[in-house]
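Here are a few friendly notes to read beside the structure.

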Amino acid sequence: MVTALEKLRKYLDKIRDKNKEFNIFLELFSEEELIKKAKEVDEKIKNKRAGRLAGYFIGVKPNINVLGLHASCSSKVLENYLSTYDATVIKKIKDEDGIILGMVNSDEFACGSSGETSAFSPVRNPTNPNLIPGGSSSGSAACVAAGFCDLSLGSDTGGSIRNPASHCGVVGIKPSYASVSRYGLIDLSMSLDQIGPFARTVSDAALLLDVIRGKDENDSISLNSKKLNLNDLGKKKDFVLGILDFKINNSKIQNLIDKKIKEIKKKYNWKIKKIKIDHIDLAIETYYPIVYTEFFSGTRKLDGRKYGKKIEDFCGPEVLRRILGGAEITKAEHEGRNYHLALRVKKLIEKEYSEAFKEVEIILSPTVPRLPHKIGEKISVEEMYSYDALTIPSNLAGNCSMSLPVGKVEGIPVGIQIMADKFNEQKMLEVASLIEKTNETK
Amino acid sequence: MAGFLYKDLSKKEREEISLESKKIINSFGKKLELVKNLPSESSIEKNSGYRLEEKESPCDLNFKKRILENAPHKTKDSFISEKKSW
């Protein structure tokens, strides 16, 4: 059996060898410190006192506080901000003997869908370094895909976990809203943000999710959820699946997903129905007024007095676009009209999903409707925002959803999105683990 | 067409981004206005205090200096504060 120390040395060698090429890790704990932790874990394993994450090495998105590391949010604004405490998710990981390796790169303040907006240069896709890895949890997906660590944490506001998971060919989960504590997360949009895991397999992602979920007195909206039964993953069961009625422009992606659905229907004899969400076409238009407004509000503390530098003076174009958009919406003359309108459409979409989940247990769709572009390629704002057209609805509805790799188009990994109703993570993971089995048999 | 790579922004670029963000908000707002049968406003929390556009007050550079001098634990640009240790 490989010890934690041996595993650590393997990961550190790989990071030394490849990190410059992919620009994934921004900061690591010192080698001395990591070796000490790995030896402690090995000792615990030997004495049969180890936690559930013993032997797992984990990368963290830099908008999550880890004591002793910089929570820079991949921005010059907070580049010198050293976390003074552990976020609840980090504390839970440490309690189960998981070892945090360091902070990974991301889009600046989680604003982006490509990994290009980082102030510390873009993250590169380990499956093809000329392409974007997706975002905003770009480094979190890339560090797992590149084999730099076992697991990672990201945050998902409109697809920021599932989108890079799809482009990098790894598993990424957005838990139900309020199921994972956000204490210690530097927020993008407080009514949509969730922290979630990345892994190379469904069972590893489920394990990390089970460790970090649950009520936390430091996050008043967080709720308790049922413990996940990891033993049930991979066991054949009957499910009624919904196929999202939504046309995407990339027929190759659609064909790959359709083929996979046909395959699993045949293999497991699952019932399949078409599901229509009437206002899904307005997801992007609903999402951005909410994000702009809440991001503008959340960043007012970054005025250069208490933390780092004044955000408007040091941020990049996408962060500024969102701040100025939020400033516009909240002007007294507009009375927050577009924000309130967006909140009402959000409610409507949430209701439509609730109705849909009375008919089916799971809704399937492609995770991302397009293939990743080349790093630095000029695309319109609308095109950039369209990357998240199929992931945003889950954040608006508060459901759980995840991306699972199901194949490649033009050599680029493509993921299927598996969505379940609020707090139905168990069901979602059971379906995912059965679909994953069909990938393995190829 | 926009570039999404991080860069330092000129005054002109800042103005362009400002106009662009207004355009995006207006275009999104127009589409949302067309939605029928929206849930009532009563289910949405609405606060009454809106920000008034005023002239920006100049940043007090001494404030940052003072607060950092006053802090028992600090880094170059920020202070470290724990419950009861201030």
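This is a predicted model: local features need pLDDT of at least 70, side-chain atom pairs count only at pLDDT 80 or more; totals for chains, interfaces and linings use all residues.

1. Strands E5 (residues 171–174) and E6 of chain A run antiparallel and are joined by two bridges. To find the pairing on screen, look for A:Gly172, whose bridge partner in E6(A) is A:Phe198.

2. Now turn to another partner of E6(A). Strand E4 (residues 151–156) of chain A pairs with E6(A) through six bridges, in the antiparallel sense. Here A:Asp156 has A:Gln194 of E6(A) as its bridge partner.

3. Is E6(A) enclosed or open to the outside? Six of the six residues of this strand (residues 194–199) are buried, so E6(A) is largely enclosed by the rest of the structure. Buried here means under 20% relative accessible area.

4. Next, step back to the whole sheet. It is an open sheet of eleven strands with mixed pairing, and its order in chain A is E1-E3-E2-E4-E6-E5-E10-E11-E9-E7-E8. The edges are strand E1 (25–28) and strand E8 (271–275) of chain A, each pairing on one side only. From one strand to the next, the twist averages 30 degrees.

5. For a parallel pair, look at strands E2 (residues 57–60) and E3 (residues 99–104) of chain A, which are joined by four bridges. A:Ile58 has A:Ile100 in E3(A) as its bridge partner.

6. Finally, a helix: H11 (residues 337–359) of chain A packs on the sheet, where it touches strands E7 (240–244), E8, E9 (362–366) and E11 (412–420) of chain A. The direction of H11(A) makes about 115 degrees with that of E9(A).

How values were computed
Residues are numbered from 1 along each chain as its sequence is written. Chains are lettered from A and ligands numbered from 1 in the order in which they are written. Side-chain values use heavy atoms; hydrogens and water are left out. Buried means under 20% relative accessible area, exposed over 50%, partly exposed in between (1.4 Å probe, protein chains only). Two strands pair if DSSP finds at least two bridges between them. Axes are lines fitted to C-alpha atoms, for helices over the stretch in contact, and angles run from 0 to 180 degrees between N-to-C directions. Contact means heavy atoms within 4.5 Å.
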